[in-house]
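Subject: Structure for your review

Dear colleague,

Please find below the structure that I am handing over to you. I would ask you to keep it open while you read the findings that follow it.

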Amino acid sequence: MALIVHKYGGTSMGSTERIRNVAKRVAKWVRAGHQIVVVPSAMSGETNRLLGLAKELSANPSARELDMIAATGEQVSSGLLAIALQAEGLESVSYAGWQVPIKTDSAFTKARIESIDDARVRADLAAGKVVVITGFQGVDPEGNITTLGRGGSDTSAVAVAAAMKADECLIYTDVDGVYTTDPRVVPDARRLSAISFEEMLEMASLGSKVLQIRSVEFAGKYRVPLRVLSSFTPWDIDLAEEAKSGTLISFEEDEKMEQAVVSG
């Protein structure tokens with residue numbers, strides 16, 4: 001039995017049908033005997049919609065209040081996913097960042113995670129529950145809700161995996177891995193089966209949007225193995241096949257890395 005963190009992006013969570021498919025995929029992993037923590041993003045387009053409402057009321061809205069508003073997107077998707085998991089016959093509970101708690105500094109709209117108290121999550125996992133934790137957000141020392149900035153759900157997932165000493169953090173997205181360059185621009189771009197943290201950081205700094213750069217830095221610092229894979233493969237794909245799909249991001253001494261020239 002492994003402890004695995006699943007992270008699902010906004011496109012993967014973009015409708016109730018897609019959320020249902022995520023729940024079926026997670027249920028497959030649970031029924032194979034694994035403990036699963038899920039960190040979802042808000043439904044695609046929801047954060048922009050919420051922030052747009054604030055901008056309609058003020059040209060210069062308070063950063064604190066923007067965080068209060070933006071954080072609700074992930075709370076909705078997390079609650080919906082917990083309901084979908086329960087409909088699959090699993091015990092599941094969702095938590096906002098402040099309930100875990102995920103503790104951050106007070107830099108509203110761009111906060112940094114300082115620590116995570118994993119006691120509540122571990123107790124739920126021990127009781128056989130699937131735990132869903134909102135990405136993108138936390139709580140500062142004064143009890144204010146904070147958000148981590150764009151792409152913050154990736155960082156949340158990696159931070160949770162680090163705190164829980166998870167065996168792996170799976171980043172499910174709308175692409176099937178990391179490519180040597182953008183396959184939409186270069187048709188013969190090649191998907192990498194494995195890449196080092198250093199190479200992934202270089203790609204992120206050159207503009208690759210597969211992973212948020214802070215999440216890669218966090219994973220490298222705390223040695224969290226990451227795997228980028230597609231959430232749009234059929235949910236009932238063989239588990240062993242899924243577990244080896246996509247791109248593994250790890251340390252070169254941990255894995256025999258694919259030797260590839262990475263172009264920006």
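Contact here means heavy atoms within 4.5 Å. Please note also that this is a predicted model.

With that term in place, consider helix H6 (residues 197–205), which lies across E12, strand E13 (226–230) and E14. The helix H6 runs at about 85° to E12. E12 is itself joined to strand E14 (residues 247–250) by three bridges, in the parallel sense. Within this pairing, Ile195 stands opposite Ile249 in E14.

These strands belong to an open sheet of eight strands, in the order E3-E6-E2-E1-E9-E13-E14-E12, and the pairing is mixed. Which strands stand at the edges? They are strand E3 (92–95) and strand E12 (194–196). Each has a single partner strand, so one side of each is left without a neighbour in the sheet. From one strand to the next, the twist averages 20°. Helix H4 (residues 119–126) also packs on the sheet, where H4 touches E1, E2, E3 and strand E6 (130–133). The direction of H4 makes about 130° with that of E2.

Six of its six residues are buried, so E1 is largely enclosed by the rest of the structure. In a regular strand the side chains alternate between the two faces of the sheet. In E1, Leu3, Val5 and Lys7 point one way, whereas Ile4, His6 and Tyr8 point the other way.

E1 is paired with two strands named here:

- Strand E2 (residues 35–40) runs parallel to E1 and is joined to E1 by six bridges. The bridge partner of Ile4 in E2 is Ile36.
- Strand E9 (residues 168–173) also runs parallel to E1, with five bridges between them. The bridge partner of His6 in E9 is Leu170.

H1 packs in turn with helix H3 (residues 63–87) at an angle of about 55°, and their axes are 9 Å apart. H1 passes H3 in a right-handed crossing. At this site, Ile19, Val22, Ala23 and Val26 in H1 meet Leu80, Leu81, Ala84 and Leu85 in H3.

Yours sincerely,

A colleague

Key
Residues are numbered from 1 along each chain as its sequence is written. This is a predicted model: local features need pLDDT of at least 70, side-chain atom pairs count only at pLDDT 80 or more; totals for chains, interfaces and linings use all residues. Side-chain values use heavy atoms; hydrogens and water are left out. Buried means under 20% relative accessible area, exposed over 50%, partly exposed in between (1.4 Å probe, protein chains only). Helices (H or I, at least four residues) and strands (E, at least two) are DSSP runs, numbered from the N terminus. Two strands pair if DSSP finds at least two bridges between them. Axes are lines fitted to C-alpha atoms, for helices over the stretch in contact, and angles run from 0 to 180 degrees between N-to-C directions. A crossing is left-handed if the near helix is turned anticlockwise from the far one by less than a right angle, and right-handed if clockwise.
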